[in-house]
Amino acid sequence: MSQYGGRRPRSRVGWGDRGDDARSEYSYGGRSRGGYSRGGWGGGNQVYPESTYGGYGASYAGYSNYGGDGASTYHGNYGEDDGYWEDEYWDEGTYWDPDAEDEDYYQPPVIELAVEHAEEANPQHKVKSALNMHPTDLNQYGIGVVLYFTFMKFLAFSFMWLAVLCIPAILINMGGDGLEKQADPTVQFIDGSTLGNFGRIYEWERGGLGDNETHTAPSIGPAPPAPASYPNDKAHPWEHGPSRSHNLFSQPKDELMVGMSYFNMVFLAMFAISAFLIPGVQRKLIKEVDANMCTIEDYSVIITDLPDDVKDQELHKFFDKKVGKVQNVVVATNNAELLTLAFERQKAKELFHIQVAKYKKGREDPDVSDKKVEWLHEEAVKAKKGLRACDSAIRALQNDRGGEAKRAICAFVTFQEEADFLKMFDMYRPGIFAWLWRPVDLRLRKKHRLRVKQAPPPADIRWENLQFNWAQRSFRQLNISLLTAVVLGLAFVSIAAVQMMAENAATPYDTEECRLNCHYGTDPVTMENQDLRNIYLKCYEAEQEGDPKRDITQAPSPPPPPAYGRRLMAEDLVSLQANYVAGHNGTCGAFDSFCYACYCLEHITAGSVLDESEYCQPYIFGYTMQVVAQSVASAIVVVLNLLLKPLLIFLVRFEKHHSASGEQMSVMLKLFMAQFFNTAILLVVLNGSFPWLRAQLEGTPVEGLLFQGEMEDFVPAWYNEVGYALVISMVATPASQRIQSIIRLFRFKIGKFFASRNAVTQDQLNKAFEGMEFNLAINYGELLNILFVTLTFSPGLPILVPLTSFAYMVRYGFDKYEFARVSKMPPWYSTILGMGVANLMAYACLGYLILAIWANSYYTMAPDPMIEGLIGSALYGFCDAWESLPEPLASVFGTMSNPSEMARRALQKNTAIYTLTLFVIVVILFFRGLIATIRSILAEIYPAYFQTDKRQAEGNPTFDLAIAGAQLLGARTYSIRDAPQYQAAFERIVWELDDGKL
C-alpha cells in the first residue's frame, strides 16, 4: 500500500454499465446544491458541506470580528441555524483526508446538473426565435442589453438608407476618367467608385499656387500661352477653360460636382438628425423600460459623506425613524486588499479542487500508473499550499492583523415602500446649497450632512474599488491612457519600418517615359514578339555585366503559333514591334535595357509579375520582398487589433472604476480610439508628407523610417494606394469579427463536448455549459470604429457606406443569435455605457465634413460668392491668426506654407456648403456641451429647477410583495455576499497541521 492510502477500486459513482460518459444524476442518488455534488450511494445520507457564510461577516473559530467589506445586513444572521454550513472543505477540520473511507471516492460531475445550471444562469437561451427578438423584449436582462440592441438596430437600418443615398456619388465617380483602368475587375470597381476617378473638371487650368504654395502652378491641359513673367509670378490669378463633359451624365463636370456637394448634404442631414436625436430616444426608452420593470434600484439609495465608523445598525435605526421602514442597510468599507485576495483565493480553490479530483480519479483507475498517481498527488499538494497561502493572507486581514483601519465609504439603503424611497430625495435634496444648509435633524449624529443618490444596480458595483477617490482614479486613468498611447506608438513604428522595407525593395520608374520609348503592349501589359523580348533581356544583362556595347546580334525567331500569347495584339503594335526588331543593328540602344526594366516593373505594378517570373527573374526578389512586407504590415495590424481587446481589459482594471459600467465605458473608448487610429489614421499618417517632422528626425536612429510618405494632398494616386487599402481593411475588419463569432460558437459547442468527457469537477462542467462572454464594451468599440471610419472617409470613398450597411445588418443578426444561443448573461449594467455611445455619434459628422472639404478642394474651382460673404471674413481671419502661431503649428508640421490657402480651398463652390455646415455643427456641438455643463452646475445650485433625472413614482408594490409576486427582477439585496466573485472573502478559514498530505 502506498503512502496515499493505496490504490482504490473503481468508484461506485458513475462507473457502471452505462460507461464512463454515462454521468447521470441518478448514478449517485442525489441532487447538487450550489453546483457541488452531494448525497450518498445506495441510500446513504453522508452530506458534503459547501461554501456558505456565518454571522455578520467572515468568522474565525466561530467568532465574527470582521465585517468583511462592511456589507453586513441588519435584518438577519446567516448562521448554522439557518441551515447553512461553513466552508470546511471535505471533512470536519481538514482540507481532505486521503485515508478516509467511503466518502473519499471520486465523484464525477453530472451533465444534467450542468444543463440545469446553464438554464438557470442564462434564461435568454430559452428564446424560441433568436432572430425575431425585438430589443424591448429583453427588458428582463437589464437596460444595458436593451440599449445595445436598440443602438445596433438603429445603425443597421440607418445605414441601409444611407447606402441608397450614396448610389449617385458612386455612379458619378465611376463615370469619371481620373484613374487608369485596372486589369483586376475588383480593383477597377473600387478605384472607379472613388472621388479620385472623377478626373479634371476643366479643359485647361493655369495660375494659382503650386503644390508647395511658393510658385505658380504648372498649366493643366492645353492652356493658352502664358506671359513671360507667368512661371514665377505666384500672384497670378487662377484661370480655367470650359468644363469637361461627364461620361454618364449630361451635365458639365463643374455643375455636377457642385450639385453633388448639395446632394451629399441630404446624406449628412439624415445621419446628423439621427445622431442628435438618438440620445433623446435612448433616454425615453430608459424611462419606459424603468417604468415597466421593478428592480431593487427602485427602492434603494446610495449615501456618501458618512462618518468613518458608522455601522449598518446605526443607519438602519436613523432612517427608519426619519424616513420610513428600512428593508436593508449595507455599509461598504475600505477592503480593496481583502477583496483582491478573495479573487486570488477563488482561483486557488478551483485549482485545488480540480487537482484533488484528478488525483482521486487517477487513483481509482487501474489503467493509470503508480508514477502518474504520485505525480497527481504532488500537484494536488502544491495546489493546497497555494490555497493555504491565500488563506493565511485573508485570515490576517480578517483578524485585523494587516492593512489600514476599517472605515466606511458609502452605504446602500433599501426601503420597504417606494414612497419612502422617493421621500429621501425630497428630504435630502441634491445641490451644494441644499447640502450646506441641510437641517440639523437630518444630519447623522447632528453633524454629517449626507449626500443621497439613487443606487446603481448591485451587479454594477465594483466593491474593491470604492475606497479609491476621484483624484486617485483620475491619476490612474491618465497613466493607463499614456501606456495605451505608447503601445500604439510602438505599433506605428513597427508598421512604418515594415512599410519602409517594402518601399526600399521597390524600384521606382517613370510610366510616361517608359511608354514613350518602349514597344510593349500596355492594356494589358504584354510583349508577344520573342525577338524583342530577347533584345531587351540581353541588353539588360549586358548593362548589368558592365558591357552595354556588347554585340547581341541573333538569328530571328520563328513566328509564334496562332495560340501563342494572352491576346491578339492590335495590328499597329505588331507592326511597331516587328519594325523595331528589323531595324535593330545588334548593338543595344539607349532604351533597350531601360525597357526591360519598364516591362517587368509594370507587371509588378499590375500584380501580374508572376506571369513573367522566368523572364523577369531579377525583379522577382524585390516583388517578393514587397509582398512579404505588405503581409507583415497587415499581420501587425491584425495582431494588434486582436491583442488590444485583452490588453485594454487588463489595463483598465487598474483604473479602479467604482462601477462595471464605468469600467466598460473606459474599455470602449480606448478600444474605439485605438482601432480607429490603427485602421484609418495610421494609413493616412504613414503615406502623408510631413516635411517638418521629417526634418526633426534627421540624425536620429529613426531617420528615414518615420514620416517618409509623399502624399501631399488627395491626389488620384492616394485613392490607388491608401484608399484601396482602406476599403479592403473595412471589408476585412467586419468579416474577421464575424469569423470570430463563428469561432466562439464552435468553441462553445466543442468546449461542452470535451468538458462532458474530461471535466473532473462540477464547477468545471458548469462553466463549460454557461457560454461565452457577451462583452458590450468590445461590441460598442467595434461598432463605433466602423462608424467613424466610414463617415470620415465616405466623401472620397462612398463605397464604404453600402459595405458598412451590409456589415451592420449581418452583425445585428449575428449578435442576436450569439446572445440568445451562445453567450452567457452579461452583467446588469447601468445606462452609462449606452448613453455615452449615443452621445458620441454626432462627432462623426466632423470627420465627414473635414475630409469632404479636403478631398473635394483638390479639384480647384472658383469661390462661392454667397457663402464667402457669410463666413469668408471669419475664416480668413482665423487663418491669419493661425499663421501667427509658432512653428510647427503655423505650417501644420510643414504641410502648408500659406494657411490662407486653406480658407480659399474651403470656400470653393464644390466645398463651400461643407464648410458652412461644419461651422454650424461645430457651433451646435459647442453649445450642446456648454449648455450641458451649465445645466449640471445649475443643477447643483438650483436642483428644483434644473435637475433632469428626478425620480417619479412608478406604482411599484412594497419590496416584500415585489419579491413574493416575482415582480422584482435582478438582485434582491446589495449584500456583497450575494456576489459569487466575493464569496471567498467571507468564508470561514479552517486550519490543521500541514503534514504534507492532502
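Trainee: What are the helix and strand percentages for residues 672–693, and how far apart are the end C-alpha atoms?
Mentor: The span is 86% helix and 0% strand, with its end C-alpha atoms 27 Å apart; helices (H or I, at least four residues) and strands (E, at least two) are DSSP runs, numbered from the N terminus. This is a predicted model, in which local features need pLDDT of at least 70 and side-chain atom pairs count only at pLDDT 80 or more, while totals for chains, interfaces and linings use all residues. Residues are numbered from 1 along each chain as its sequence is written, and side-chain values use heavy atoms, leaving out hydrogens and water.

Trainee: And which feature does UniProt place there?
Mentor: The unreviewed UniProt entry lists "transmembrane region" at 672–693 and at other spans, including 831–855; UniProt positions follow the numbering used here, feature names are shortened, and annotations may be inferred rather than shown by experiment. Residues 831–855 are 84% helix and 0% strand, and their end C-alpha atoms lie 38 Å apart.

Trainee: OK, switching to confidence, what is the mean pLDDT of the protein chain?
Mentor: The mean is 79, and 81% of the residues reach 70 or more, where pLDDT is the predictor's confidence in each residue, from 0 to 100. Over residues 8–102, however, pLDDT stays under 50.

Trainee: Where is Y817, and what does it touch?
Mentor: Y817 sits in helix α22, which covers residues 800–822, and, leaving aside residues up to four places away in sequence, Y817 touches A130, L131, L745 and V822, a contact being heavy atoms within 4.5 Å. Y817 and S129 are 688 residues apart in sequence, yet their C-alpha atoms are 8.7 Å apart in space.

Trainee: What about E818, is that buried or exposed?
Mentor: E818 is buried, with a relative accessible area of 5%, given that buried means under 20% relative accessible area, exposed over 50%, and partly exposed in between (1.4 Å probe, protein chains only).

Trainee: Which residue does E818 meet in a salt bridge?
Mentor: The side chain of E818 meets that of R744 at 2.6 Å, N to O; a salt bridge is a side-chain nitrogen of Lys or Arg within 4 Å of a carboxyl oxygen of Asp or Glu. E818 lies in helix α22 and R744 in helix α19 (residues 716–758), so the pair ties together parts that are 74 residues apart in sequence.

Trainee: How many salt bridges does the structure hold?
Mentor: The structure holds 17, among them one between R445 and D309 at 2.8 Å, N to O.
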